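Please keep the sequence and the three-dimensional view at hand while reading.

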Amino acid sequence: MKDIITLGIESSCDETSVAVVKNGREILSNVINSQIKIHEQYGGVVPEIASRNHVEAISEVTKEALKQANITFDDIDHIACTYGPGLVGALLVGVSYAKALSYTLGKPLVATNHIEGHIAANYITHKDLEPPFLCLIISGGHTHLVHIKNYKEFEILGKTRDDAIGEAFDKVARVVGLGYPGGPKIDKLAKEGEANIQLPKTHFENLDFSFSGIKTAIINLHHKNPDVNKADLCASFEKTVTEVLLENTLKAAKELNINKIALAGGVSANSYIREKFLELEKTHNMKIYYPEPILCTDNAAMIACAGYYNFINGKTSDLYLNAIPNLKLGE
Ligand SMILES: Nc1ncnc2c1ncn2[C@@H]1O[C@H](COP(=O)(O)OP(=O)(O)OP(=O)(O)O)[C@@H](O)[C@H]1O
Ligand SMILES: [Mg+2]
């Protein structure tokens, strides 16, 4: 069978990324131009600045991706771009660029959901992974517990009712003075602390999550006692949120009788969360999957992979494609 080459384009937030992927799962190149250094000084992503930087970077990033993959535009079979969810101005850069390429090269355009991309990152790292499985998507904008029924069918079993978990990591980091982006900084500092501070956990009847209570508790605690040990606070925060993630995931696994669990999204790079989920392999006879760290945060290889499955299932788009900032999983 002829190889299928996908050009993936990602621009939903502050990473301009273009990748070349063979047959959905083999990365030939994955160029990521991060704007973190630019947004760091503002303590978070400034949407307008993100859009402008995507415009400046996208052509060069694409050239570099083709060069690293040692191919030309002629070798591409289709173009997959993120069309949501994300920042509208940022998304529009990738969508418009992908439409222009599709039109001039005469190659099919494949609209791809960013969250499906995060899930698909697991297919690249684990060549043997096939649905069905449970996926816990823990990112800057989402906390979703999802039943991946097949490559195109998803059932959301639970989701956050307020803050996404990545947002909570970033806010807690800001409060204790670690700066942006907070997740990796909390990950590092927590290793030096003890999880000895009692923090609130929120539970619901169903499999939903809530992280605003713990975030507020930490803000109040730090306000009342600015000398609180920051490493202990980070360790306690990580331990408490991980317990909630584990409890809901195990409940879903039991209800659906599934023993394959994948983690996805930026927060799945967290070393404590990975360690605790990995323990389930021994304690609960589960099989745990997570993408390699570079594929956890935003990148175009995961978009190419998800786009490949859209393409082989006949899901292509026309040039009326628009960015959908609040696109839901499965849409
Ligand atoms: N090691 C880590 N530990 C905890 N959180 C982390 C770590 N590395 C990255 N993060 C967090 O991951 C988030 C970014 O992830 P990602 O790029 O998947 O989110 P996003 O693209 O902004 O949101 P979404 O994908 O939901 O639209 C940030 O909140 C960041 O702090
Ligand atoms: Mg993301």
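How many bridges join strand S1 to S4, and do these strands run parallel or antiparallel? In this predicted model, strand S1 (residues 5-10) and S4 run parallel and are joined by four bridges, and one of the pairs concerned is that of Thr6 with its bridge partner His78 in S4.

S4 also pairs with strand S5 (residues 109-113), again in parallel, here through five bridges, and Thr82 has Thr112 in S5 as its bridge partner. The two pairings of S4 are set out below.

Strand S4 itself, which spans residues 78-84, is mostly covered, with seven of its seven residues buried. Together with helix H3 (residues 88-105) and S5, S4 makes a right-handed β-α-β unit.

Turning to the ligand, there are 25 residues around ligand 1, among which Gly140, Gly141, Gly166, Gly183 and Gly266 come nearest. Two or more residues of this shell come from each of helix H4 (114-125), helix H5 (165-175) and helix H6 (182-190), and H6 gives the most, with four residues. By residue class, the shell around ligand 1 holds 15 polar, seven nonpolar and three charged residues. Both domain 1 (5-119 + 296-312) and domain 2 (131-291) supply at least three residues each to the shell around ligand 1.

Terms used: Residues are numbered from 1 along each chain as its sequence is written. Chains are lettered from A and ligands numbered from 1 in the order in which they are written. This is a predicted model: local features need pLDDT of at least 70, side-chain atom pairs count only at pLDDT 80 or more; totals for chains, interfaces and linings use all residues. A residue is near a molecule or strand if its C-beta atom, placed from the backbone, lies within 6 Å of it. Ala, Val, Leu, Ile, Met, Phe, Trp, Tyr, Cys and Pro count as nonpolar, Asp, Glu, Lys and Arg as charged, and the others, Gly among them, as polar. Domain bounds come from an automatic or database domain assignment. A residue is buried if 20 or more other C-beta atoms lie within 10 Å of its own, exposed if 12 or fewer, and partly exposed in between; C-beta atoms are placed from the backbone. Two strands pair if DSSP finds at least two bridges between them. A crossover is right-handed if, with the strands pointing away from the viewer, the path from the first strand over the helix to the second runs clockwise.
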